[in-house]
Amino acid sequence: KRSIVKHLRLGTRRSELALWQSRFVASQLKQRWGDEIEIELVEIVTEGDRILDRPLAEVGGKGLFVSGIEAQLLRGELDFAVHSLKDMPAVLPDGLALAATPERASPFDALCGPESVDVTCLPAGFRIGTSSLRRAALLRRFLPQVEVISVRGNVATRLRKIEEGVVDAVVLAKAGLDRLGLGATVRHVFQAEQMLPAAAQGILAIEARQDDADT
């Protein structure tokens, strides 16, 4: 007979998007298992959340968003975690595994800004914010007249940089914008020929210990 784990501790970052993603996965699990399980969200501040004054490529890459959560998972302080799969290193730590992935959302990047923004006629010096080395490189190729400015922070923080006048627009993952109900800010969705998405963009990764058969 299968042993049901009554209480599951789900590790998540504290950003609005990370919490949405974790609550979504928790709701899907509750829909499947009902009262047989209880899910506790354990909010964790990662190194990627703490270091906001430098581009990710300079301080260790996107793995900074998951390594702290994985350490707690390995210590048995969590039962599973929900990540954006694109933020995970290609090789997992020994003892951890990708347990499941829900249906994929949009894989594409989107340009967000005021209603007046038209990607077909951006003026020279138009300022676009991004925290991604990949997006910056592809923006300079597709829109060579624009100025790319490094902008870190969660989705709301980066969108606020437009209101503050730091940038004229930002590039963000369409999946995250859709999940947070911010699709109205999108002025252009980049197709793969314009801006190749990150590997696994739009996919949520559910990570657990390899030896935790119940979870």
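These legends go with a set of close-up views of a predicted model.

**View 1. The whole chain, for orientation.** The protein chain has seven helices and ten strands. Of its 215 residues, 45% count as buried. Look at contacts with a separation of 6 or more, and 72% of them join residues 24 or more positions apart.

**View 2. S131 and its neighbours.** S131 sits in the loop between β6 (127-130) and α5 (133-142). Its relative accessibility is 16%, so S131 counts as buried, the cut-off being under 20%. Leaving aside residues up to four places away in sequence, S131 touches V151, R152 and R158. With R158 there's also a polar contact, side chain to side chain, at 3.3 Å.

**View 3. The D79–R9 salt bridge.** The closest N and O atoms of D79 and R9 are 3.1 Å apart. D79 lies in the loop between α4 (67-74) and β3 (80-84) while R9 is in strand β1 (residues 7-13), so this pair ties together parts 70 residues apart in sequence. D79 is buried at 9% relative accessibility, whereas R9 is partly exposed at 24%.

View 4. R14 pairs with E43, closest N and O atoms 3.8 Å apart. That links the loop between β1 and α1 (16-33) to strand β2 (residues 38-44), 29 residues apart. E43 is partly exposed, at 38%. E77 and R75 form another bridge, at 2.8 Å; here E77 is partly exposed at 36% and R75 is exposed at 54%.

Technical notes: Residues are numbered from 1 along each chain as its sequence is written. This is a predicted model: local features need pLDDT of at least 70, side-chain atom pairs count only at pLDDT 80 or more; totals for chains, interfaces and linings use all residues. Side-chain values use heavy atoms; hydrogens and water are left out. Helices (H or I, at least four residues) and strands (E, at least two) are DSSP runs, numbered from the N terminus. Buried means under 20% relative accessible area, exposed over 50%, partly exposed in between (1.4 Å probe, protein chains only). A polar contact is a pair of N or O atoms within 3.5 Å; within protein, one must be able to donate a hydrogen and the other to accept it, and residues adjacent in sequence count only if both atoms are side-chain atoms. Contact means heavy atoms within 4.5 Å. A salt bridge is a side-chain nitrogen of Lys or Arg within 4 Å of a carboxyl oxygen of Asp or Glu.
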